[in-house]
Amino acid sequence: MKHLSAAVHNNAVWCDAVCRALGCDTMWIECLWVNRSPAPSYYPSAVTLEPVRVTEQVARVRTMLDWPIPRPWSVKDSFGKLDLAPLGFEVLFEAKWIGLSPDHVLPGSAFEDAIWASVRHDTELVAWEQAWRGGGSGDAVRSESARLFQPALLDDPDIRVLSGTRDGRTVAVAIASRSDNGTGPVVGISNIVLSGDGPEADRFGAVAATRRAFPGLPMVGYERGVDLIAMGALGFRSLGPLRVWTTSP
């Protein structure tokens, strides 16, 4: 439970950082993290922070339905405890929280051939986001209103925006984010996108780069499907289930 609660808290802290950088009105209210502004794409309007007080969490979500927030919006049910179907929600996806011990020896280091570095400047962040979105012309992130990841994230000492390149081309990206919920610091790994010819080598590279960014810390995150299996092959173990609920448009 220690690393599970740390993984949940870490993800909520990352969501808060992204949303605050965009100017959103966020708050922590005991058992929930809440964004009272329209949520950016791929990010929830609420995250549950503990597996108890389920009735209170559902009641708070019911109250949120009266807020003037454009739909659809979502709730990250971090412990898979809520039933939000009676409130008009449906399950968007289910996943598993995962964790990696800091002393676990990663397999396959000989296959890491991408060069990994932290993004330092805003122009690099724009290019990073374009790679994260899957490449293309770059038009989707050139305007401030269209950007998801803002330059304020680069000033946060607990965040590293990581980019892996091979032959001058970005082949993988990831986010490393450090947090501490009182049980000890952890580093979260998220936003992994692999676009090169050797995705599993680049996945290893993303994990290794995250470990180098914040050495000596347990690593946490969540995945589903084939990505969950691939992270398991690197030594990550399941910590518990999560579920994301969404409203209808």
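**Surface and charge**

I began with the surface: the protein chain exposes about 11500 Å², and 53% of that comes from carbon and sulfur atoms. I note here that the model is a predicted one. Next I looked up the charges and found 24 positive and 28 negative side chains in the protein chain. The centres of these two sets lie 3 Å apart.

**Overall form**

I then went through the secondary structure, which comes to 5 helices and 11 strands. The radius of gyration is 18 Å, close to the 18 Å from the globule rule for 249 residues, so the protein chain is as compact as a globular protein of that length. Along the principal axes, I get a box of roughly 50 × 40 × 30 Å for the C-alpha atoms. I find 50% of the 249 residues counted as buried. For contacts I took pairs with a separation of 6 or more, and 69% of these join residues 24 or more positions apart.

**Helix α1: Ser5**

I looked at Ser5, which sits in helix α1, residues 2-21. Is Ser5 buried or exposed? Its relative accessibility is 19%, and the cut-off for buried is under 20%, so Ser5 counts as buried. I also checked its side chain, which makes a polar contact of 3.5 Å with the side chain of Asn181.

**Helix α2: Val58**

Val58 belongs to helix α2, residues 54-64. I recorded a relative accessible area of 14% for Val58, which is therefore buried. Which residues is Val58 in contact with, leaving aside neighbours within four places in sequence? I find Leu82, Leu84 and Leu87. I also took the C-alpha separation between Val58 and Val244, and it is 14 Å. Those two residues are 186 residues apart along the chain.

**Helix α3**

For helix α3, residues 122-132, I listed the buried residues. They are Leu125, Trp128, Glu129, Gln130, Ala131 and Trp132. I kept a reminder on helix geometry: with 3.6 residues a turn, residues three or four places apart in an α-helix point the same way. What covers the buried residues of α3? I found that the cover includes the strands β7 (159-166), β8 (169-180) and β9 (185-194). Last, I checked what follows α3 and came to Gly134, which has a positive phi, near 105°.

Technical notes: Residues are numbered from 1 along each chain as its sequence is written. This is a predicted model: local features need pLDDT of at least 70, side-chain atom pairs count only at pLDDT 80 or more; totals for chains, interfaces and linings use all residues. Side-chain values use heavy atoms; hydrogens and water are left out. Helices (H or I, at least four residues) and strands (E, at least two) are DSSP runs, numbered from the N terminus. Buried means under 20% relative accessible area, exposed over 50%, partly exposed in between (1.4 Å probe, protein chains only). A polar contact is a pair of N or O atoms within 3.5 Å; within protein, one must be able to donate a hydrogen and the other to accept it, and residues adjacent in sequence count only if both atoms are side-chain atoms. The radius of gyration is taken over C-alpha atoms; the globule rule is 2.2 Å times the number of residues to the power 0.38. Contact means heavy atoms within 4.5 Å. Accessible areas come from the Shrake-Rupley method with a 1.4 Å probe; for residues, only the protein chains shown count as cover. Lys and Arg count as positive and Asp and Glu as negative; His and the chain ends are not counted. The place of a charge is taken as NZ of Lys, CZ of Arg, CG of Asp or CD of Glu.
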